[in-house]
Amino acid sequence: MEEGKDPNVNPVRTNQSRVLPLRLLRFMLVLVVIGIVLSIVSVRMNKSLGIRNIVTRTLPCFDEPVSLQSLIRPPSNYLHSMNDSELLWRASLVPQIKEYPFKRIPKIAFMFLTRGPLPMSPLWEKFFDGNEGLYSIYVHSLPNYQPNFTTSSVFFGRQIPCQMVEWGRMSMCDAERRLLANALLDISNEWFVLLSEACIPLHNFSIIYRYISRSRYSFMGAIDELGPYGRGRYNPNMLPEVNISQWRKGSQWFETNRDLAIDIIKDTKFYPKFEQFCRPACYVDEHYFPTMLTIQSPNLLANRSLTYVDWSRGGAHPATFGKNDINKNFFKKILEDQTCIYNNQPTSVCFLFARKFAPSALDALLQHSSDFFGF
């Protein structure tokens, strides 16, 4: 045995113990290198796939390009999910080029503000028959009302998203603005008529369409009434937006053209003052629109309503007509014994609609509609 060596130590095992750590280190280095290479490859593949996904997502734009027809097509379903703020904003978008680059047939939007059912709907069905493409229909009822029109009815699917309405409160004007805004989403709607469930047409569709479409003015009453039910409802807190000399009163039932309809739904200047300072016994639906439009566009108003209403019986509400009122003399009084101004000329055709009619009047109206109204 050599001097200085431990006889119990095996030289071969000692050499192996030195080699194993080196091999382990090399193996770990190889794994690290492989991991780095795989990471680089993965990043490059993700970038490549991302580009491909972008291309894939954009391809449909080329396969199905946005067309003019898709932009001007009216909504197929009135039950959208927009809240009032979103709806009014969307409806206030106005083309800046007034000349339409397509054939546009202007329509009348008939907007029904109701509590629930439309008892006069059979008469309206008869009125609309054969005039498709010249009108649109919108219905605002109480939210819990579920209409049951058949699929063949012109009123089927015409109900817009509704909210609660209180008589004499700002919620009434909110409902009217909601109707206008929904109707404005159809670019072909040019004129807008507000009606109730108790309204009826007094002429056939052709006469009403011609009368409205040829008018230079919109039909909204805007009277400076000096008594307690006019200026007496004015609140000085309306200043500076509205002074007492600008305060107006008019019928709730109006007809307006597209430009004035947009002015109504985009208003943020007068709305807060009327909401806060015109509450019963100031009935905001009689003052808000007439006052606002008198201030902004007085030369565009005919200063009268197209809807006949009888206030001669007194009270807070106009007279309601039943089946016993339906006769030739009754409508002769409405249709012939009147004088008004149309396009700055006197005329005897003053009213196109009338209210309030009870459900009991429907059968007689249907029976004599040809004699009374021409349809």
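A pocket is an open set of grid points with protein on both sides within 12 Å along at least five of seven lines, and its lining residues have an atom within 4 Å of a point. In this predicted model, the second largest pocket is lined by 21 residues, and Leu71, Ile72, Arg90, Pro95 and Ile187 lie nearest its centre. Two elements, α2 (68-72) and α3 (84-91), each give two or more residues to that lining. Helix α2 makes the greatest contribution, with four residues.

The largest pocket has 42 lining residues, and those nearest its centre are Gln252, Trp253, Trp311, Pro318 and Arg355.

| Pocket | Volume | Lining by class |
|---|---|---|
| Largest pocket | about 1200 Å³ | 20 nonpolar, eleven polar and eleven charged residues |
| Second largest pocket | about 420 Å³ | 15 nonpolar, one polar and five charged residues |

The model also contains an open sheet of four strands, arranged in the order β2-β1-β3-β5 with mixed pairing. Strands β2 (135-140) and β5 (255-257) form the edges; each has a single partner strand, so one side of each lacks a neighbour in the sheet. On average, neighbouring strands of this sheet are turned by 20 degrees against each other, direction ignored.

Within the sheet, β1 (residues 107-113) pairs with β3 (residues 189-196) in the parallel sense, over seven bridges. Leu113 is placed opposite Ser196 in β3. Helix α7 (residues 258-265) lies across β3 and β5, and its direction is at about 100 degrees to β5.

Methods
Residues numbered from 1 in each chain as written. Predicted model: local features only at pLDDT ≥ 70, side-chain atom pairs only at ≥ 80, totals over all residues. Heavy atoms only, no water. Pairing = 2+ DSSP bridges. Axes fitted to C-alpha atoms, helices over the stretch in contact; angles between N-to-C directions. Contact = heavy atoms within 4.5 Å. 1 Å grid on protein atoms, 1.4 Å probe; cavity = no way out; pocket = protein on both sides within 12 Å on 5 of 7 lines; lining within 4 Å. Points joined across faces, edges and corners; volume = space filled by probe spheres on them. Nonpolar A, V, L, I, M, F, W, Y, C, P; charged D, E, K, R; others polar.
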